[in-house]
Amino acid sequence: NPNVDIELVAFSSESYEGKLIQASKDGELPDLFESTGIDSSYLGDAVNVDNVLSSRQAGECLYLEQYDKYYSDKKKVPLGINVPVVAVITNGNVKAGWLTDTFSSMSDLKNVLEENDVGIAVDSQYKDFIAKTFSVYDMKPEYYFMNNDANKSAVMLTTTMRVDEIKSTLTKYQKNFTFSEADKVHGEFIYEWSIGATEENDIRAAETLLSWMLGASYQDTLMISSCSDGQLPVNKDCLIKAVTHGDELLGLHDTYKNLVFEN
């Protein structure tokens, strides 16, 4: 469009948050920006995202009907989700005999592991999030699991965001990822974006672009085909495609409808 000028500004991940916070203090938030992990106190000038949430593309997404339980100020739009998962080493110097894609309760899993004298570790990065679904008490430290040469635990409570890292780190062992079939499994909205535009035309343009980012074309490219960082798409068609894209997420195909999003 000859009447639209777009300025794309990129920063290193290390400096991004600081620059965004400073922009907020200066009253100069970008028109459209990633706001993952940014405290809501710095988003006071950001635009309410009701128009994005009522868009056609948002209607193609799962879980956004739970948006109000998760976000109180309507300043962020999540493009992805994170889901708790149990990573199991099925063949290695320590191994567990759990080969199925799902389990009904932690007690079922623990019984099998105790019979095989296998300890359970917990992901240190996502421990608080995991604790919403699983009991993390008396769990081993993460390094008991994430050691390619000297594992002391064959099982770790983790999330789908760590699946690729686990696969690339534990190269000596066969692995399985199993999901809970509980009626209430806590998911986490991630990869959040916000609108900081102030002029009406810029706001409408940002809303249109952000709505499109909820659509299948963008989400397929970002989270499945080329450059996923591990997040799962919130778009329904893309989520189902991602789940069936590789064997490690197949268990989620039977459990994704049980996800609950709330803070």
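D101, E181, D247 and D254 together form a negative surface patch. A patch here gathers residues with over 30% relative accessible area and no salt bridge, and like charges are joined within 9 Å. Asp and Glu count as negative, Lys and Arg as positive, while His and the chain ends are not counted. The place of a charge is taken as CG of Asp, CD of Glu, NZ of Lys or CZ of Arg. A salt bridge would need a side-chain nitrogen of Lys or Arg within 4 Å of a carboxyl oxygen of Asp or Glu.

This is a predicted model, in which local features need pLDDT of at least 70 and side-chain atom pairs count only at pLDDT 80 or more, whereas totals for chains, interfaces and linings use all residues. Residues are numbered from 1 along each chain as its sequence is written, and side-chain values use heavy atoms, with hydrogens and water left out.

Helices (H or I, at least four residues) and strands (E, at least two) are DSSP runs, numbered from the N terminus. E181 counts as partly exposed because its relative accessibility is 36%. The cut-offs are under 20% for buried and over 50% for exposed, with partly exposed in between (1.4 Å probe, protein chains only).

C61 is in no disulfide, and its nearest cysteine sulfur, that of C238, is 8.6 Å away. That distance is too far for a bond. C61 is buried because its relative accessible area is 10%, and C238 is buried too, at 3%.

## A buried phenylalanine

F103 belongs to strand β4 (residues 102-103). With a relative accessibility of 1%, F103 counts as buried.

## Positive phi angles in loops

Y63 is not a glycine, yet has a positive phi of about 75°. Y63 lies in the loop between α2 (50-53) and α3 (67-70), and counts as buried at 4% relative accessibility.

K74 also has a positive phi, near 55°, in a residue other than glycine. Is K74 buried or partly exposed? K74 is partly exposed, because its relative accessible area is 22%. Its place is the loop between α3 and β2 (77-82).

Conventions: Patches are made of residues with over 30% relative accessible area and no salt bridge: like charges are joined within 9 Å, nonpolar side chains (Val, Leu, Ile, Met, Phe, Trp, Tyr) within 5 Å. Accessible areas come from the Shrake-Rupley method with a 1.4 Å probe; for residues, only the protein chains shown count as cover. A disulfide is a pair of cysteine sulfur atoms within 2.5 Å.
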